[in-house]
Protein chains: 2
Amino acid sequence: MDQLVTQLYRAKIFITLRPSVLDPAGTAVQSGLQHMGYDNVSQVRIGKYVEVTLAAADEAAARQQLDQMCDQLLANPVIENYRFEMELTL
Amino acid sequence: MDQLVTQLYRAKIFITLRPSVLDPAGTAVQSGLQHMGYDNVSQVRIGKYVEVTLAAADEAAARQQLDQMCDQLLANPVIENYRFEMELTL
């Protein structure tokens, strides 16, 4: 594999609290919405959305690096789940 | 339209800073990643991800309400863009 030839990938990472973890911020937003009249809202969960642009030799290498980044820095695996979508960019 | 018959929709809302707006948090994360050895990361932008479950008569009504919620509470239209995906839930 020639590491000198790299391609640019843009990843969209979605980080959410695990379902068993309480989300006080989400509850506050839901309460705010209900006070504004949106009483048809039954649940709000708040997460993070991160867009990362990175260079990698191929898609598998990019996915592996993104997994590591999420585990080490972007997400807290104890209380959060993450998933990502990736696309080639020019 | 019979408002008594409602369906439950789950919306995934992605809120991102407008491209012209600086993202210091994203820059800090990018710097952190580079210090950890991920020097192939060229851009990081951080946004919010909100999951909302709401009852509505039909999809058009749900979309209209979500647009209003985003404009009024969830996003700051001056500096942020939003988009959402929606699906029926049981």
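1. Let me start with the pocket lining: strand E2(B) contributes 4 residues to the largest pocket, the most of any element. Strands here are DSSP runs of E with at least two residues, helices are runs of H or I with at least four, and both are numbered from the N terminus. A pocket is an open set of points on a 1 Å grid over the protein atoms alone, where a 1.4 Å probe fits and protein lies on both sides within 12 Å along at least five of seven lines; lining residues have an atom within 4 Å of a point.

2. A word on the basis: this is a predicted model, in which local features need pLDDT of at least 70 and side-chain atom pairs count only at pLDDT 80 or more, while totals for chains, interfaces and linings use all residues. Residues are numbered from 1 along each chain as its sequence is written, chains are lettered from A in the order in which they are written, and side-chain values use heavy atoms, without hydrogens and water.

3. Back to the largest pocket, which holds about 300 Å³ of space; volume is the space filled by probe spheres set on the points, with grid points joined across faces, edges and corners. Of its 18 lining residues, Tyr49(A), Glu51(A), Thr16(B), Leu17(B) and Pro19(B) lie nearest the centre. The lining divides into 6 nonpolar, 5 polar and 7 charged residues (Ala, Val, Leu, Ile, Met, Phe, Trp, Tyr, Cys and Pro are nonpolar; Asp, Glu, Lys and Arg charged; the others, Gly among them, polar).

4. The second largest pocket has a volume of about 150 Å³. Its lining includes Thr16(A), Leu17(A) and Pro19(A), along with Arg10(B) and Glu51(B) from chain B. E2(A) supplies the largest share, 4 residues.

5. Now the interface, where 33 residues of chain B and 32 residues of chain A are in contact (heavy atoms within 4.5 Å). About 2800 Å² is buried between the chains, 58% of it on carbon and sulfur atoms; this is accessible area (1.4 Å probe) lost when the two parts are put together, summed over both. On the chain B side, Tyr38(B), Asn40(B) and Tyr49(B) lose the most area, together 22% of what that side buries.

6. Which polar links join the chains? There are 16 residue pairs in polar contact, both at pLDDT 80 or more (N or O atoms within 3.5 Å; within protein, one able to donate a hydrogen and the other to accept it, with sequence neighbours counted only if both atoms are side-chain atoms). The salt-bridge count is 0 (a side-chain nitrogen of Lys or Arg within 4 Å of a carboxyl oxygen of Asp or Glu).
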